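Subject: Structure handover

Hello,

Please find the structure below. My notes on it follow.

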Amino acid sequence: MVRKKKEWGIKYGCPIYGIAWPPGEHVYMCGGGGHGIENKVVVLSCRDGVQSEEVAKLNTGKDAGYRLLMHPSGRSLVCGMSVGGLERVDLQPSAAGEPPKLSLSQGEFKEATAGIGPVKGMSFSSDGRLLALGGEDGSIELWEWPHMRRRLRWEASTKAIRNVDFSPAHSDGVLFSCDEGGACKLWSVDNGEEIAQLAAPPDMPRATFFRCKSAVDEEGRILLFTPLKWKRDGWIAKWCQEEDGSIHLLARSRKPVAPAPICGFELSRSGELLAAVTPDGDQIAIDAETLRVLKHVRGAHMTFATSVVFSPDEQFIISGSSDASAPAQRLSQVAAAAAAAETAAAAEARGKHDEEYDEEPVAAYVHLPFCKRKCSYCDFPVIAVGLDLAQAPNTQDNMQRYVDMVLQEIAASRRLNRRPVRSVFFGGGTPSLISLPLLEQLLKALDRQFGLAAGAEVSIEADPGTFDAARLRAYMGMGVTRVSVGVQAFQDELLALCGRAHDVADALRAVEAVHAAGVPSWSLDLMSGLPQLTEEMWGQSLERALDAEPHHISTYDLQVEEGTPFARRYSPGEAPLPSDETAAAMYRQASVALRGAGFEHYEVSNFALPGHRCRHNMAYWEGRAFYGFGLGSASYLQGRRFSRPKRLNTYRGWLQGYAADAAAQGPQVAGAWLPRESEDDRLLDTVMLRLRLADGLDLRQLARQHPQGAEAAELLRAALAPHVARGWVLARGPGQGGGNTSSSGGSGGAGSSRGATVDGGGSGAAGGSSNALEWVRLADPDGFIVSNDIISDCFAALDVTSAGDA
């Protein structure tokens, strides 16, 4: 869905590293590179987004400008040079419409700055009297302008200072710095003392900061905006500094604003817009209030973008790149359209959708992180206790302390549900390692705080080798109704390769125990895509899983997660991992075998006998609200998604504050300070989650339930039409009966859905017109196999962040 450009506009003869756009039509840039490339300051004009060729230039000699600042007076530029020192470029006014004359300052300025080392970051105070420099040696210096007398110097980091910025929101009394290690600190301009250091959001461990900019909102609050790098993507976080100086996270972008780290960032003068660029050459404009991407131009540059600025009227952004280009992009139309859409959505939401935001939770998840050992593919927050140490006194004490924390979190949480919750899920980790009394304490606490409905589904994950029939009967005696057994494979060599703590003999004993105990509903988990797994071995695992006679089977494809042992050993799609084609064949193999045995393929990775769908997971897939408790757990309450810290000490610290707030103010709602999920994000979630289900997506219901649902339904019909034609999406049009078309209980082969006639009406596009589609679902198995591609196409059709118009 990404459109590639054939050309990248005007080239300015050298890599562009710094840009300044003061009031007026003239844009100033610096750059160079040696090896025959001129080092220079370039001037161009930009009128209503139409750029000129170079209209003036100044050669900077043997060194290239690496950073560029315009003095607030508009009479001078300052270049931070790549090998060290500064150059001041004085601007002499010319006739109206003509570019100013440029000249390098000599004498006193040159002498005063000769000893300055390589500069990574520069910033002027609002009044132009102070210039802050961030050095490659980790120092920060404050210089008095224009005489260039050094007022203050301090060691700010052991790493190079990447960016420094005066904070106008603090009347320039505070300076922000970000170093090459990603640390972001606030400093006193008076004495160079550290005021604070920002910590990564709790649900984004090891996220690093790139820059910090400040603004004051309508309520007089000081806001800080920081680009973050997390898991290789670019994110934006917004912080609030209270009167007492404390800083807390106000919001962050709900999803990455860019699929790469941000390497250039700016806040508009009004504080309403943010601009960013990436190493991929992308330009991005972001609404500062909602942190929603307004415009994303992919491939605006051929290569690495370096800097970005706003036009004085904030109607355009312009960015520089090492490819010597500096394209301008118009923002006014897209910003106005986005504002109008937000206003319309908000107006309708107030009358029609507030109830959905405040929908009462129907489920609760509790994370119990203890495992015998951590598997080689696992990136969940777990605590390994050792193969034979689960019953050791020290381990039991640790489990008691952890459960006490979870009980404290439950007690501090506000009840938002009027009716008792309908499902509880104990996940991990290996929850079956927890002692029976501790599990009972948790169930009683949940019932006391939120109520458990009569007939509620209560699930527990249990690994082979951690339970017997007696333990399962005890579970059922305290209210557990469903057990999920993590077998993963029926080959000892694969289990060992994965670092599992059990073998096939343990798995078979676990199956016997489940049947002996008479568990009313149980699930067996398998993993495909494992190293050295062949189609033959996968077929054997499927047969043995069916022989075990579970009520539910989950078949998860291996995801090689960053930071795991598998990520260090393997690359997706490369041996010894199965190729993409082999993985797809295994998926078809599972679909055919399990559907042929009477299982309903009700979700991309899940199969169930009639009446045995996992009700708890259905709450997730249907977009219902749910509670979450414990290390790393997620919750979705009052339209806000919140994930708790994944590290035990960080979680403990978060819980102390949460419980203290509850003691002072009454029961709390986790993540209540975050912004509610936007209508746009709810729409995208609905599409993604519904298309993962065999129940499919009802486009008429979508049109009724979302403020822009009618328009979205039309866009989805167009986006899905090619997939309907291929047989990857099944559809129903007007007058074609109800019910979903999943092949549950059937024995159709792998291609039984392809090109199928749906509910008695034409094939493919339901009567031949994509505009007539009222209901759609992915075909099984071929549509499910390419589900990510199909959902991506839907997102591209719906989401402005995917629609980089250039």
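Contact here means heavy atoms within 4.5 Å. Helices (H or I, at least four residues) and strands (E, at least two) are DSSP runs, numbered from the N terminus.

This is a predicted model, in which local features need pLDDT of at least 70 and side-chain atom pairs count only at pLDDT 80 or more, while totals for chains, interfaces and linings use all residues. Residues are numbered from 1 along each chain as its sequence is written, and side-chain values use heavy atoms, with hydrogens and water left out.

Overall
The protein chain has 18 helices and 47 strands. Of its 806 residues, 55% are buried (under 20% relative accessible area; exposed is over 50% and partly exposed in between, with a 1.4 Å probe and protein chains only). Among the contacts in the chain with a separation of 6 or more, 61% are between residues 24 or more positions apart.

Helix H11
H11 covers residues 580-596; its 17 residues should span 24 Å at 1.5 Å a residue, and the end C-alpha atoms are 24 Å apart, which agrees. The expected span is 1.5 Å times one less than the number of residues. Buried in H11 are Ala 584, Met 586, Tyr 587, Ala 590, Ser 591, Leu 594 and Arg 595. They lie on the same side of H11, because they cover an arc of only 155° around the axis (taken from the directions from the helix axis to the C-beta atoms). Their cover includes helix H9 (535-547), strand E37 (552-557), strand E38 (600-603), strand E39 (606-608) and helix H17 (782-785). Just after H11, Gly 598 has a positive phi of about 95°.

Nonpolar cores
A nonpolar core is a set of buried Ala, Val, Leu, Ile, Met, Phe, Trp, Tyr and Cys residues joined through side-chain atoms within 4.5 Å. The largest one has 90 residues, and those touching the most other members are Phe 426, Leu 442, Leu 446, Leu 472, Val 483, Trp 522 and Phe 629. Helix H4 (residues 393-412) supplies the largest share of this core, 8 residues. A second, separate core of 25 residues includes Leu 691, Ala 712, Ile 790 and Cys 794.

A four-stranded sheet
Two strands pair if DSSP finds at least two bridges between them. E10 and E11 (residues 130-135) pair over 5 bridges, and Gly 121 has Gly 134 in E11 as its bridge partner.

Regards
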